[in-house]
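Reader: I am new to this structure and would be grateful for a guided explanation. May I put some questions to you, one topic at a time?

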Amino acid sequence: MPEGKTKTAMNGVDYFRQGWHLAMLPGIRRYVIAPLLVNVLLMGSALIWLFKRLNVWIPELLGHIPHWLQWLNYLLWPLAVLSLLLFFGYFFSTLANWIAAPFCGLLAEQLENKLTGHPLPEIGWAGLIKDLPRIMWREWLKLKYYLPRALLLLLVHFIPGIGQTLAPLLWFIFGAWMMAIQYCDYPFDNHRVPFVTMRQALATHRSAHLQFGGLVSVFTLIPGVNLVIMPVAVCGATAMWVDQYRGLSATLAAQGQRDVKSS
């Protein structure tokens, strides 16, 4: 943290807003290009495909509604669309993050150095390639955490009557939490804080991280804006790390090592 800067209160909305400004800082913009290109190519293609499939999937989902509740179709149709957008929005953003993970980690590292006043280290392709196994393992841990919980939420859709109403709300809350984990993890991982320890740290300020992740989720659903949201979210999450967690990095890493040894 730069000298003279005071620690700010945890507020996910403020950090999301900061992300837009930080992504455009001189010296940072060039690290935004790679994750931006990955997101544009993948999310753009995915959205085109998804909107073509909605006319097939929505009638199938609504077909599980009992006949006596068919009059609710006009209300449940937008909820079903929202559920699919939330599910596939996170699915494709996760896929994009797998591909862009090395570049997102590099962006988080360079931005942290700039925010803390440290000189930017020279990190080339060799350094990225060396870290690839660790980075991909970290992405796998996120996916392993996500999949069983996502499958349970999918089953909620098939509960007659209430499932189609309750599922979109649960999807949004869970998606917000997963977006917070996805993007906050980059600076944590740069400091070798274990995944479980990172989740425990985020849970201590769950409401702020749900604010941040919820905004990322909403902007992921907006065509055009969702193509640029990845580097913005990385920058906002890195600012949160610098303000709230950087001073605890050694403690968190040590706690993680103790947890690994005791497990």
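The questions and answers below concern a predicted model.

Reader: Which residues have the most contacts inside the largest nonpolar core?

Author: In soluble globular proteins, nonpolar side chains tend to be buried together. In this model, the residues of the core that have the most contacts inside it are Ile-181, Tyr-183, Phe-188, Leu-202, Phe-212 and Val-216.

Reader: Which residues does Phe-212 touch, not counting residues up to four places away in sequence?

Author: Phe-212 is among the residues with the most contacts inside the largest core. Not counting residues up to four places away in sequence, Phe-212 touches Gly-12, Tyr-15, Phe-16, Tyr-183, Ala-233, Gly-236, Ala-237 and Met-240.

Reader: Which helix gives the nonpolar patch on the surface its largest share?

Author: The patch is formed by Leu-166, Leu-169, Phe-172, Ile-173, Val-218 and Ile-222, and together these residues have about 450 Å² of accessible area. One of them, Leu-166, is found in helix H5. The largest share of the patch, four residues, comes from H5.

Reader: Is Leu-166 buried, partly exposed or exposed?

Author: Leu-166 belongs to the nonpolar patch on the surface. Buried means under 20% relative accessible area and exposed means over 50%. With a relative accessible area of 37%, Leu-166 is partly exposed.

Reader: How many aromatic pairs are there, and what is the geometry of the pair Phe-16 and Trp-20?

Author: The count comes to 11 aromatic pairs. The rings of Phe-16 and Trp-20 have their centres 6.1 Å apart and their planes at 85°. Planes over 60 degrees apart count as edge-to-face. The geometry of the pair Phe-16 and Trp-20 is therefore edge-to-face.

Reader: Where do Phe-16 and Trp-20 lie, and which aromatic cluster includes them?

Author: Phe-16 and Trp-20 are four residues apart in helix H1, so they are separated by about one helical turn. Phe-16 is buried, with a relative accessible area of 5%, whereas Trp-20 is partly exposed at 32%. The aromatic cluster that includes them is formed by Phe-16, Trp-20, Phe-212 and Phe-219.

Reader: How many residues apart are Tyr-145 and Phe-195?

Author: Tyr-145 and Phe-195 form an edge-to-face aromatic pair, with 6.2 Å centre to centre and 75° between the planes. Tyr-145 is buried, with a relative accessible area of 13%, and Phe-195 is buried as well, with 6%. The pair links distant parts of the chain, Tyr-145 in helix H4 and Phe-195 in helix H6, which are 50 residues apart.

Reader: How many salt bridges does the structure hold, and what is the N to O distance between Arg-17 and Asp-14?

Author: The structure holds eight salt bridges. Arg-17 and Asp-14 both lie in helix H1, three residues apart, about one turn of the helix. Arg-17 counts as exposed at 51% relative accessibility, while Asp-14 is partly exposed at 28%. Their side chains meet in a salt bridge with an N to O distance of 2.5 Å.

Reader: Which residue forms salt bridges with both Arg-134 and Arg-138?

Author: The side chain of Arg-134 meets that of Asp-189 in a salt bridge of 2.7 Å, N to O. Asp-189 lies in helix H5 and Arg-134 in helix H4, so this pair ties together parts that are 55 residues apart in sequence. Arg-138 also forms a salt bridge with Asp-189, the closest N and O atoms being 3.7 Å apart. The residue asked for is Asp-189.

Reader: Which residues are in contact with Lys-142, leaving aside its neighbours within four places in sequence?

Author: Lys-142 is linked with Asp-131, Arg-134, Arg-138, Glu-139, Asp-185 and Asp-189 in a network of salt bridges. Lys-142 is found in helix H4 and is buried, with a relative accessible area of 2%. Leaving aside those neighbours, Lys-142 is in contact with Met-178, Gln-182, Asp-185, Tyr-186 and Phe-195.

Definitions and conventions: Residues are numbered from 1 along each chain as its sequence is written. This is a predicted model: local features need pLDDT of at least 70, side-chain atom pairs count only at pLDDT 80 or more; totals for chains, interfaces and linings use all residues. Side-chain values use heavy atoms; hydrogens and water are left out. A nonpolar core is a set of buried Ala, Val, Leu, Ile, Met, Phe, Trp, Tyr and Cys residues joined through side-chain atoms within 4.5 Å. Buried means under 20% relative accessible area, exposed over 50%, partly exposed in between (1.4 Å probe, protein chains only). Contact means heavy atoms within 4.5 Å. Patches are made of residues with over 30% relative accessible area and no salt bridge: like charges are joined within 9 Å, nonpolar side chains (Val, Leu, Ile, Met, Phe, Trp, Tyr) within 5 Å. Accessible areas come from the Shrake-Rupley method with a 1.4 Å probe; for residues, only the protein chains shown count as cover. A salt bridge is a side-chain nitrogen of Lys or Arg within 4 Å of a carboxyl oxygen of Asp or Glu. Helices (H or I, at least four residues) and strands (E, at least two) are DSSP runs, numbered from the N terminus. Rings of Phe, Tyr and Trp (its six-membered ring) pair if their centres lie within 6.5 Å; planes under 30 degrees apart count as stacked, over 60 as edge-to-face and the rest as tilted.
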